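Have the sequence and the 3D view open as you read.

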Amino acid sequence: MPLPKSIATVCLSGALPDKLEAAAAIGFDGVEIFENDLLTYDGSPAEVGRLCRDLGLSIALYQPFRDFEAMPEPLRRRNLDRAERKFDTMQQLGAELLLVCSNTQPATLPEPERAAADLREMAGRAARRGLRVGYEALAWGRQVSLWRQAWEIVRAADHPALGLVLDSFHTLARGDSLAGLEAVPAEKLFFLQLADAPKLALDVLSWSRHFRLFPGQGELPVAEFLRDVLRAGYRGPVSLEIFNDEFRAAPVRRIARDGLRSLIWLDDVIQAEAPPATVPAAPLPAAPMLDGIEFVEFAVDEPARAALGEFLGTLGFHCAGRHRSKAVELQRQGGVNLVLNSEPDSAAAERFEMFGPAVCAMALRVDDPARALARAQALLSPAWQEPVGEGEQRIPAIRAPDGTLIYLLRPGAEIWADDFALRPEAPAVPPLTGIDHVVQALAPTHLDGFVLFYRSVFGLQPEPLLELPDPFGIVRSRTLAAPNRSLRLPLNVSESRQTTTGRFVSAYAGAGVHHIAFATPDAAALVAAMPAAPLLDIPENYYDDLEARFGLDDAALSALRRGHLLYDQDGQSGAFLHAYSRTFQDRFFFEVVERRGGYDQYGAPNAAVRMAAQSRHRG
Ligand SMILES: O=C(O)c1ccc(O)c(O)c1
Ligand SMILES: [Mg+2]
């Protein structure tokens, strides 16, 4: 049996019953009840306790009890009275463990022995009612801000009903570790809270109260933290405690699902590292070995299909075939397949109804589609089945968090000849080698969920967040990439509705693929071979600056100018040449990219130039 999975009610939006119902429906075993959620709820603690039991949720803990220990009289006595009142509440709830967080009040005395005496007194009173107390060091606690200090006090208090609560955020945010935890007896580890966070240069209180994330969404070494706690013998619940402004505002089921997905994924990460006996969970099917994108599919209607086909034609694509039974066309250029789907009563038609011309699916080449599908399902991403005609192939698929279908194909699977009447003749352009990356524009509140989805289901690795200046706001970008670089998915968000990203998301009511970059070994030759391509115009100032920055010679610079190409270097031997198409019907656009010498980025310094050019073209 894996350790019980729990979530603090503070992570979720809505009234207390909404939170509890979502936690139960998604599959959590227990909850931490936050005092504020109870105080603001119009129902008795006994009713809340009953609701939890009816939903099959255990109440793992009640919290927080603040500013308790090492206070001068008369506050000390008053705090003990306050504790008795909370014990009453807990007994009505059916909660057995109270979380006491370290005192933040200026009045608290710098005397650990008084803190120990107070907590011992409190634990004695709790024990008389069959309750227990867990003590947690807040990173901003006045006298106690490290788990080792909290442990010294718990050790000195020496009461069986008093133990330690560990919270990954408070330890990792301070750059601290669990070194020394082996010295703490396992039975003194009462509770474990997990939270991740982005690395931010912010005071630790604001960072904790607004920017915590589920494990895997941020940049803290939460898996290592969990591993250390398990090695120390902890066997209680693993509980998510995330204070995040966006989570509190988001649909409750979505956030609950992300939370459970993060814990399932974390179990799996630990499983791969820790001695199996310490984490007795069934391993997930392994993450797929990825081998690039077989096709991208657009939802279109007849007029949009014709217009997009023509647009792609200027970029060197040709119609390589038509589906035998459906209104589906294959546009191809070398190793890139784009599918234009105008079939009524399909997932594509549904997408078109909602968004107009838009990407509705991507097909990934994976070593074992059945295993990839099983892993996705274990990580709470349901399978999807499109109706198929007789004799046609059924391709396993899942849905990304925005509803985009992700098909799973074995490399080398011959999907085209069966279903399509192919027309092989290709125009004379240097062939593309494949799809280099696919950029999605998301509503800001979706970014963390997408990061976790791609990281957990496909084993992609998140890169640090970048900030890109658009003339009308800031675009934030975080890329997920396969370890072998066969799949690269930058995710862009913008708080401004005026940026290219913000306009795309707000005008078309949601997330989706905003641009696709095609790989070529020779960008200048490719661009030269497609003279009708509607490329973005790049200002002369940009090329002057390139000359100054990189000292390129005249021939190189004029080749870039002629090709509307942007250029970047990585400081080692890598260079990047790329050009952008104009935007198709004010929606999505295409890019051609040439990577030289192991260049591994996306030309971020050029993003501002591209976005300014796009806003100029819009007029
Ligand atoms: O932000 C807080 O006050 C707070 C309260 C309880 C916790 O467990 C915690 O980690 C933080
Ligand atoms: Mg905590």
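Helices here are DSSP runs of H or I with at least four residues, strands are runs of E with at least two, and both are numbered from the N terminus. This is a predicted model: local features need pLDDT of at least 70, side-chain atom pairs count only at pLDDT 80 or more, and totals for chains, interfaces and linings use all residues. Residues are numbered from 1 along each chain as its sequence is written, while chains are lettered from A and ligands numbered from 1 in the order in which they are written.

As background, most peptide bonds are trans, and most residues other than glycine have a negative phi.

**Cis peptide bonds**

- Gln63 and Pro64 are linked by a cis peptide bond, with omega at about -10°.
- Pro64 sits in strand β3, which covers residues 58–65.
- Look for Pro74 in the loop between β3 and α4 (75–93).

- Asp158 isn't a glycine, yet its phi is positive, at about 50°.
- You'll find Asp158 in the loop that runs between α6 (147–157) and β6 (162–167).
- Asp158 counts as exposed because it has 11 C-beta neighbours inside 10 Å; the cut-offs, with C-beta atoms placed from the backbone, are 12 or fewer others within 10 Å for exposed, 20 or more for buried, and in between for partly exposed.
- His564, another residue other than glycine, has a positive phi near 55°.
- The loop between α20 (554–562) and β24 (566–569) holds His564.
- With 18 other C-beta atoms within 10 Å, His564 is partly exposed.
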